[in-house]
2 protein chains.
Amino acid sequence: MNKIITIAIDAMGGDNSPDKVIEGVKFFLERNKNKSDYLLNLYGDEKIIKDKLNLYKISSEFIKISHTDSSVSDEETPLTAIKNSKNTSMWNCIKSQIDGSADISLSAGNTGVLLVISRMILRMMDKVSKPALAGLWPNKTSLNVVLDLGANIECDDKNLVDFAELGSALHKSLFPNEVSKVSLLNVGSEEIKGTEILKSAYKKLSDLSGENNFIFKGYTEGNNIMSGESNIIVTDGFTGNVALKTAEGTAKFITDNLKKHLTENLFTKISLIFSYFSLKKFKNKLDPRKYNGAIFLGLNGPVVKSHGGTDSLGFYYSIDLCYRIIKGNLMKQIKNNLNHLKSEI
Amino acid sequence: MNKIITIAIDAMGGDNSPDKVIEGVKFFLERNKNKSDYLLNLYGDEKIIKDKLNLYKISSEFIKISHTDSSVSDEETPLTAIKNSKNTSMWNCIKSQIDGSADISLSAGNTGVLLVISRMILRMMDKVSKPALAGLWPNKTSLNVVLDLGANIECDDKNLVDFAELGSALHKSLFPNEVSKVSLLNVGSEEIKGTEILKSAYKKLSDLSGENNFIFKGYTEGNNIMSGESNIIVTDGFTGNVALKTAEGTAKFITDNLKKHLTENLFTKISLIFSYFSLKKFKNKLDPRKYNGAIFLGLNGPVVKSHGGTDSLGFYYSIDLCYRIIKGNLMKQIKNNLNHLKSEI
């Protein structure tokens, strides 16, 4: 019998929750009818959650509810969170990993608070210098792991090496049949380019490169992130955050313009009849909901942050991501990589 | 009579030169038939340039040729350039600003060498701490100035303040009827976000904000660069370079995907008949050739770097950019801004 994968879900976090959470759960149940190796443990107000389960006509042996009286508000700051967030749905959801009752936690709530209390409750793994927030990013053939996306705005060479180990472990857990190829994000591909921190990380990663771990491909540039040449892109949290948001802004700018031009007159509207299915496939490939979920790595347990503004379909994808991460043995992959790190540096 | 605007052009730099340069010159002459206030001074091998002018059937009183025996190769590094690039077409083209025979220089050649020799020949302006490479970036309503795009990979608060002054001067020279609004690129819009350098620059820019200079709009994020809320985006050269290239990579990824889906079967091909003109307008708006030309600011004379791989139409746009910059009195705008800077800080 397969091991049961338990996903602890903060049912109360993010816009329009718990509705989107519960409907996301419904999508997950519908799409995983052939599986019986998981349990979704929903944290939040039991009465509200039960009402919503009834509303969405959900009754399943794969769901459990863990009642909490309160939840973290969007106005809470990381500074006040430690005092105010104890025993909220977010807190208890993460806490459940400590007593072994969950394998992974998921929340669409306040990002700053989630990072602070995750770190406080789960603590950093030995040998990891800083935890990192990793995201999935489409490339030509599959998906990239990009990290750090904003957990650490300043990083040294040791942090960047850790991110490579953590990111390639995540990549292996999600895409076991692909070779993990790491690149460092820089302003040029030549070895002489970049800061002293990058040059030092480059040297260390070159020494670590190997089949048991990851293949280090050297530097890459912003225009190559989506080319598929590497599948793990390592950078500091400031640069990673700017790159991710710039890509989002550019995608929105282009698709808004396309939409405007394809609906501007009768001819273009006729054209849409002929291209409807193809444009739908195009839109589907770029749908940000499919890549929803940033993974907080480097703690003694993985935490997934769903976008606060996503909808139920986006939330479904983040539950699915949690399932696949644990199915792929993320924590074991990380420990393997970190052992390797210790023996080499 | 209007003052003559003299543009010194390195005819030999970049892929497929001098062909693209000469054809770019042809486009400029054709599109400016009603003007007589400019002179294009072409630096390079006189015989080759004359042959190409004949080939493209160009004969104009607004062109001058300044012969040089050599040009800078793409393999030259900034380190060897000082010794090897003297009296090349690029060198003499920039040098011509020193004796007052040109107002601005333009080259599609080796970027690293261009930055080094521009700085050496033209020298930094008093009161400027570091020169910056600025680019134009489309936004919803017009164009943004974004800087630094890679001249300085590490910057302090004083550098960022200078970039705001230089960038808003460039913006004023190109768009005299718009209000210059400056934002600092950061990982969040709240005042507490970002590095200590950003926080200090934020404070200094808040003090400088005013109608004579620019309106400081605070922090912005990557997804807002193209929103049009600000029109001057200030960042260090590392982040700016990554952001620019990430936007380019994202745009390419999306348009490649769109192209693939719109040509995948008979129906989509029929749809193209109906949407042809609208998609052409869409493509035209996003055509990177229209935004070709990065402006090196902060020296005692402006230098424009055309993309090395652009074609003749792209090169035309960079000549046009040079003309508009000088027409808009860039150097006077910069001096005004820097005086203002001195009196306030």
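Cys155(A) is buried, because 25 other C-beta atoms lie within 10 Å; a residue counts as buried when 20 or more other C-beta atoms, placed from the backbone, lie within 10 Å of its own, as exposed when there are 12 or fewer, and as partly exposed in between. The model is predicted, so local features need pLDDT of at least 70 and side-chain atom pairs count only at pLDDT 80 or more, while totals for chains, interfaces and linings use all residues. Residues are numbered from 1 along each chain as its sequence is written, and chains are lettered from A, and ligands numbered from 1, in the order in which they are written.

**Two residues of chain A**

Cys155(A) sits in the loop between β6 (143–147) and α6 (157–174) of chain A. Helices (H or I, at least four residues) and strands (E, at least two) are DSSP runs, numbered from the N terminus. Apart from neighbours within four places in sequence, Cys155(A) is in contact with Lys130(A), Asp148(A), Leu160(A), Asp236(A) and Gly237(A). Contact here means that the C-beta atoms of two residues, placed from the backbone, lie within 7 Å.

Ser318(A) belongs to helix α10 of chain A. Ser318(A) is buried too, with 28 other C-beta atoms within 10 Å. Leaving out residues up to four places away in sequence, Ser318(A) touches Leu106(A), Asn292(A), Gly293(A), Val304(A) and Ser306(A).

The table gives one C-alpha to C-alpha distance for each of these residues.

| Pair | Apart in sequence | Apart in space |
|---|---|---|
| Ser318(A) and Ala243(A) | 75 residues | 21 Å |

**The domains of chain A**

Chain A is divided into domain 1 (1–125 + 299–329) and domain 2 (129–297), with bounds that come from an automatic or database domain assignment. The C-alpha centres of the two domains lie 25 Å apart. Across the boundary, 22 residues of domain 1 are in contact with 13 residues of domain 2. On the side of domain 1 that touches domain 2, α5 (111–122), β11 (303–305) and α10 (312–327) of chain A each give two or more residues. Which element gives the most to this side? It is α10(A), with 7 residues. By class, this side of domain 1 has 10 nonpolar, 8 polar and 4 charged residues. Ala, Val, Leu, Ile, Met, Phe, Trp, Tyr, Cys and Pro count as nonpolar, Asp, Glu, Lys and Arg as charged, and the others, Gly among them, as polar.

**A strand and a helix of chain B**

In chain B, strand β4 (residues 104–107) is covered on both faces: Ile104(B) and Leu106(B) on one side, and Ser105(B) and Ser107(B) on the other, are all buried. Strand β1 (residues 5–10) of chain B runs parallel to β4(B) and is joined to it by 3 bridges; strands pair if DSSP finds at least two bridges between them. Ser105(B) is the bridge partner of Ala8(B). Strand β11 (residues 303–305) of chain B also pairs with β4(B) in the parallel sense, over 3 bridges, and there Ser105(B) stands opposite Val303(B).

The buried residues of helix α5(B), among them Val113(B), Leu114(B) and Ile117(B), pack against α3 (78–84), α4 (89–95), β4, β10 (294–297) and β11 of chain B. Just after α5(B), Arg123(B) takes a positive phi of about 60°.

**Where the chains meet**

The contact takes 45 residues from chain B and 45 residues from chain A. On the chain B side, α8 (237–262) and α9 (266–286) each supply at least two residues, and α8(B) gives the most, with 19 residues.
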